[in-house]
Amino acid sequence: MSKSIITVVGKDQVGIIAKVCTYLADNNVNILDISQTIVDGFFNMMMIADADGSEKEFKALSAELEDLGKSMGCIIKLQREEIFNSMQRI
Amino acid sequence: MINLSEVIETNAMIEKENLDVRTITLGISLLDCMADDINTVCTKIYDRITKKAENLVRTGEDIEREYAIPIVNKRISVTPIGIIGASSAASSEDYVKIAETLDRAAKEVGVNFLGGYSALPVKGMTKAERLLIESIPDALSSTERICSSVALGSTKVGINMDAVALMGNVIKRSAEKTKDTDSSACTKLVVFCNAPDDNPFMAGAFHGVTETDAVINVGVSGPGVIKHAVDSVPDADFGVLAETIKRTAFKVTRLGQLVAQEASKRMGIPFGIVDLSLAPTPAIGDSISDILEGMGLERTGAPGTTAALALLNDQVKKGGIMASSYVGGLSGAFIPVSEDQGMINAVNAGALTIEKLEAMTCICSVGLDMIAIPGDVPESTISGIIADEMAIGMVNQKTTAVRIIPVIGKDVGDTAYFGGLLGYAPIMAVNRFSSERFIARGGRIPAPVHSFRN
């Protein structure tokens with residue numbers, strides 16, 4: 001299983017998590033972990049997810065999540081976990 | 001498992017501190033494109049490059065998307081053309097034909113620069129190398145994406161002063177040929193001492209003859225990230241400062257290593273090296289000069305600048321070497337003037353001179369880089385500047401380079417505009433005492449005593 005990291009950054013508002021989770025469920029992406037915090041007044045959420053079961057290509061999921069973020073006025077990123085592992089772990 | 005604060009830190013580096021991978025450079029050997037007929041050589045070269053590199057840009061873009069990390073440039077380096085054209089090029093015009101072929105291939109695969117229009121007359125110059133060097137002004141002015149480099153010396157063999165003298169002339173002629181665009185051809189031409197075979201950065205990238213058929217080399221970047229880290233310890237002593245830079249350089253380089261491995265895997269081409277160089281851009285917050293000033297210098301160029309750069313360069317290497325399995329290329333801090341807004345500001349404030357930059361090149365990776373000088377500087381003076389820089393490299397057993405632009409029609413106080421990543425540069429004053437008799441001697445400066453290690 002290759003894990004992916006989804007981050008959502010923006011002004012807090014009702015329904016952000018709901019919309020993201022709905023999208024992920026519709027595309028058969030399994031959520032493994034969720035954490036969130038407020039940094040400098042901004043809502044920061046991170047999900048660790050498994051996108052291996054999705055029929056869509058990783059690139060397509062990434063682009064659609066980005067668009068979903070724009071529709072809510074926040075920034076959503078889907079990234080492969082390796083970038084964080086390589087930079088943050090020895 | 002990765003936690004939220006680590007994810008926020010990494011993404012802040014990308015979004016706010018200009019962290020990126022500066023280049024994925026695909027090195028391609030053209031050794032088996034040699035033939036007796038120039039047109040056959042051109043066809044073979046075009047076919048080889050467009051086949052080997054057909055997926056380069058797409059692979060780079062896929063990696064960008066999947067990791068959300070910008071990869072600014074996708075580029076190609078090839079075997080020095082001075083060698084490839086040796087058996088077929090009968091004139092400089094034949095070499096220009098090869099340059100135009102390379103340019104077409106670069107456009108076809110979508111890379112913004114292709115390096116390797118190069119010659120290596122480190123000790124002596126072959127007839128073919130002389131033809132290539134003579135063709136550089138025409139080649140660079142009739143192509144868009146070709147970069148040229150010439151190796152003029154090494155610690156092992158000394159400095160080829162005949163070639164140094166010739167390059168003063170070639171740089172001047174290249175400037176004249178492109179005087180309508182502020183002598184922009186000279187931004188694509190660099191001379192080296194101790195030239196590395198695996199440098200992924202332009203204008204000096206070429207695929208050395210010691211290399212395999214094709215190889216992926218990656219150049220990282222991240223001056224903004226280092227600057228941010230330096231700012232986080234404003235009053236700390238040098239031990240803490242050094243440690244902070246080293247830790248940050250480790251993270252930056254790991255990113256390069258990851259991208260290099262991914263690109264290598266996806267293209268089925270072996271991974272060569274990660275180049276640790278901190279490469280600035282004209283973007284605000286992406287400056288080497290800002291790091292030096294962040295360490296406590298009022299302006300880059302102030303006394304203490306060389307020490308600050310030495311510390312920076314060393315810690316970047318120490319962090320980077322642990323982060324990557326193979327380190328190579330130039331690997332140090334770049335100090336180009338035109339590509340670094342902080343350097344430009346320092347020059348305009350009168351803090352930074354060519355002489356101080358020369359001192360700085362003794363302890364960092366590259367040399368006098370992207371420096372604009374008055375267009376009326378004689379070619380022997382340009383050769384003199386080159387000879388000094390080659391001597392620094394030769395004696396200190398390190399790579400040094402000169403990429404200098406005599407801007408025709410402009411003088412100290414004016415500004416030259418090159419556009420894009422190349423930026424703009426204030427014209428800097430040059431020492432006007434003559435080097436003519438010195439350069440006119442010709443011949444070769446013998447290798448220094450400490451090259452005899454066998």
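Predicted model: local features only at pLDDT ≥ 70, side-chain atom pairs only at ≥ 80, totals over all residues.

What joins B:Met202 and B:Ala203? The link is a cis peptide bond, with omega at about 10 degrees. For chain B the mean pLDDT is 95, and 100% of the residues reach 70 or more. For the complex, the predictor gives an ipTM of 0.89 and a pTM of 0.93.

B:Asn18 sits in the loop that runs between H1 and E1 of chain B.

Let me turn to the domains. The domain assignment of chain B places domain 1 at 25–193 and domain 2 at 219–440. Between the C-alpha centres of these two domains of chain B the distance is 22 Å. Domain 1 of chain B brings 36 residues to the contact, and domain 2 of chain B brings 38 residues. On the domain 1 side, at least two residues each come from strand E1 (21–28), helix H3 (56–67), strand E4 (146–154), strand E5 (158–160), H7 and strand E6 (189–193) of chain B. Which of these elements gives the most to that side? It is H7(B), with 10 residues. By class, the domain 1 side that touches domain 2 of chain B comprises 18 nonpolar, 14 polar and 4 charged residues.

H7(B) also has a helix partner. Helix H6 of chain B, residues 127–141, packs with helix H7 of chain B, residues 161–177, at an angle of about 20 degrees, and the two axes are 9 Å apart. Angles under 35 degrees count as roughly parallel, and H6(B) and H7(B) are therefore roughly parallel to each other. Their crossing is right-handed. From H6(B), the contact involves B:Ile133, B:Ile136, B:Pro137, B:Leu140 and B:Ser141; facing them in H7(B) are B:Leu166, B:Val170, B:Arg173, B:Ser174 and B:Lys177. In this contact of H6(B) with H7(B), 6 residues are nonpolar, 2 are polar and 2 are charged.

I move now to H9 and its partner. H9(B) packs with helix H11 of chain B, residues 305–323, at an angle of about 45 degrees, the axes being 7 Å apart. How are H9(B) and H11(B) oriented to each other? At that angle they are oblique. The crossing of H9(B) and H11(B) is right-handed. Among the residues of H9(B) in this contact are B:Phe238, B:Ala242, B:Ile245 and B:Phe250, while those of H11(B) include B:Leu311, B:Leu312, B:Val316 and B:Met322. The class count for the contact of H9(B) with H11(B) is 10 nonpolar, 6 polar and 4 charged residues.

H11(B) packs against a further helix as well. With helix H13 of chain B, residues 354–361, H11(B) makes an angle of about 35 degrees, and their axes are 9 Å apart. H11(B) crosses H13(B) in a right-handed sense. H11(B) contributes B:Thr305, B:Thr306 and B:Leu309 to the contact, and H13(B) contributes B:Lys356, B:Ala359 and B:Met360. Those residues fall into 3 nonpolar, 2 polar and 1 charged.

Finally, the chain interface. How many residues does each chain bring to the contact between chain B and chain A? Chain B provides 19 residues and chain A provides 23 residues. On the chain B side, two or more residues come from each of helix H1 (4–16), H3 and helix H9 (238–267). H1(B) gives the most to this side, with 6 residues. Overall, the side of chain B that touches chain A has 10 nonpolar, 3 polar and 6 charged residues.

H3 of chain B supplies residues to the side of domain 1 that touches domain 2, and H3 of chain B supplies residues to the side that touches chain A. H9 of chain B gives residues to the side that touches chain A, and H9(B) packs with H11(B). Thank you for your attention.

How values were computed. Residues numbered from 1 in each chain as written. Chains lettered and ligands numbered in written order. Axes fitted to C-alpha atoms, helices over the stretch in contact; angles between N-to-C directions. Helix = DSSP H or I, 4+ residues; strand = E, 2+ residues; numbered from the N terminus. Parallel < 35°, antiparallel > 145°, perpendicular 65-115°, else oblique. Left-handed = near helix turned anticlockwise from the far one by under 90°. Contact = placed C-beta atoms within 7 Å. Nonpolar A, V, L, I, M, F, W, Y, C, P; charged D, E, K, R; others polar. Domains from an automatic or database assignment. pLDDT = per-residue confidence, 0-100.
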